Amino acid sequence: MSQYPPSSSPGDAPVASAAAGAGAAAAAGTRLDRWLTSYAERTASMTASEIRALFSVANRPEVVSLAGGMPYLPALPLDAIADIAARLIAEKGAVALQYGSGQGEERLREQIVEVMRPQGINAHPDDVVVTTGSQQALDLVSRIFLDPGDVVLAEAPSYVGALGVFRSYQAQVVHVPLDQDGLQPQALEETLLRLRAQGRRVKFLYTVPNHHNPAGVTLSLERRREVLAIAQRHDLLILEDDPYALLGFDGDPLPAMRSMDAEHVVHLGSFSKTFAPGYRVGWAVAPHAVREKLVLASESAILCPTSFGQFAIAEYLSTWDWKGQVKVFRELYRERRDAMLDALATHLPQASWTHPVGGFYVWLTLPDGLDAKAMLPRAVTGRVAYVPGGAFYADGTGGHSLRLSYCFPTAERIREGVRRLAGVVQDELEVLETFGGVPTSLHRAGRAGVDNPGPELA
């Protein structure tokens, strides 16, 4: 049957031709996405988080969310911050709201150098590139170093936001195990030698050395030196992602790896955890040649980082006791960490977990036979939420673990959340004992790869 009615005249031919072309384009795609076959290959890795939909339910007030890595912003001096913002607009608005430098405002870069000083980093402001959060710094480093098929070494487990970036640049992530003292140096060197013997190109090691996201562990000083020695022997670049360094509960932070080797380390930092993530201001400190490429890559992506955010943070750092505010956060998070560890010992003795000395997270390993991702819907029904461990692996493993965050809920809510979680675990164990094997409800998806993260996974 003809696509057009018999009354169509010659004057309708262009319309018919356009309609036919549209039909061909639609045939090449799908009814839902006509451009399906036109996307770049790298978009194949952009998959929606399978657990993100659950968090629309998990964010209800009756659900205790131990999932999101959100700083507790009510502890900030919000009135003072409001005054800073108002004064900034009134006195410097014409500059603060204008385009800025692609490398970042010099005043803020000078202050960032001081912020890093407790970690032993003696950098120059010219070494610093201001970014839109440290997430953009991850993207920029990946953009200038990674070709499709390149290998990135990363801890197992590893920060989900980084895994998503590496995957978007079609890199292959190879995990290196960690334990309570952080990344295992011997395993790192063995993995590096094996990959290079196979002819695979290893571009850099990605690590979160302090108060690890998600594992909650800290790389010991001895191991930092061992990892650097390996990097120097094999000329391996280290991407040191360090947003939690100042949030330790037991004294001064350990020296950053950047403080011990400025040539093999690109150091990333952020104000999202020690101040406010809404300003979206982070930074990278890199060797000179790398820094130049980071600036060029940043300019091609966003022209310049947020001028207003930089000016606002610079005013905050210069007019407020920001070190005292970090101490407030540390004590707050210490209390909540203690509440979580006490509650786990009381309610979940059949599980095991890490003992963080700072940061936001506890990494919990479930009893044998249980799968955290399969259990999550039941947990949300039981009014508690967490992040399944598989989100933090690039190879589909980690199903027996989960991440618990103690930074945002009160200590009372944390205890109640752990109590609820323990009830869900006990129910699952009873199903396992009754039916044997792994019940259908606990079937593991087994799909390798990392879902694109949302803020609930940060």
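At what angle do helix H4 and helix H11 pack, and how far apart are their axes?

Mentor: The model is a predicted one, in which local features need pLDDT of at least 70 and side-chain atom pairs count only at pLDDT 80 or more, while totals for chains, interfaces and linings use all residues. Residues are numbered from 1 along each chain as its sequence is written, and side-chain values use heavy atoms, with hydrogens and water left out.

Helix H4 (residues 106-115) packs against helix H11 (residues 307-319) at about 50°, and their axes are 9 Å apart. Helices (H or I, at least four residues) and strands (E, at least two) are DSSP runs numbered from the N terminus; axes are lines fitted to C-alpha atoms, for helices over the stretch in contact, and angles run from 0 to 180 degrees between N-to-C directions. H4 and H11 are therefore oblique to each other, given that angles under 35 degrees count as roughly parallel, over 145 as roughly antiparallel, 65 to 115 as roughly perpendicular and the rest as oblique. The crossing of H4 past H11 is left-handed; that term applies if the near helix is turned anticlockwise from the far one by less than a right angle, and right-handed applies if clockwise. On the H4 side, Arg-107, Leu-108, Gln-111 and Val-115 make the contact, and on the H11 side Gln-310, Ile-313, Ala-314, Glu-315, Leu-317 and Ser-318, contact meaning heavy atoms within 4.5 Å. By class, these are 5 nonpolar, 3 polar and 2 charged residues; Ala, Val, Leu, Ile, Met, Phe, Trp, Tyr, Cys and Pro count as nonpolar, Asp, Glu, Lys and Arg as charged, and the others, Gly among them, as polar.

The axes of helix H5 (residues 133-145) and helix H6 (residues 160-168) come within 10 Å and cross at roughly 30°. That angle makes H5 roughly parallel to H6. The crossing of H5 past H6 is right-handed. Here Gln-135, Leu-138, Asp-139 and Ser-142 of H5 meet Gly-161, Ala-162, Val-165 and Phe-166 of H6, a set with 4 nonpolar, 3 polar and 1 charged residues.

The whole structure has 14 aromatic pairs, one of them formed by Phe-166 and Phe-204, edge-to-face at 5.6 Å centre to centre with 65° between the planes. Rings of Phe, Tyr and Trp (its six-membered ring) pair if their centres lie within 6.5 Å, and planes under 30 degrees apart count as stacked, over 60 as edge-to-face and the rest as tilted. This pair links distant parts of the chain, since Phe-166 in helix H6 and Phe-204 in strand E6 are 38 residues apart.

The open sheet holds 8 strands in the order E2-E9-E8-E7-E6-E3-E4-E5, with mixed pairing; two strands pair if DSSP finds at least two bridges between them. Strands E2 (128-131) and E5 (182-183) stand at the edges with a single partner strand each, so one side of each is left without a neighbour in the sheet. Helix H7 (residues 185-197) packs on the sheet, touching E3 (151-156), E4 (172-179), E5 and E6, and its direction makes about 155° with that of E4.

A cis peptide bond, with omega about 5°, joins Ala-156 and Pro-157, and Pro-157 is found in the loop between E3 and H6.
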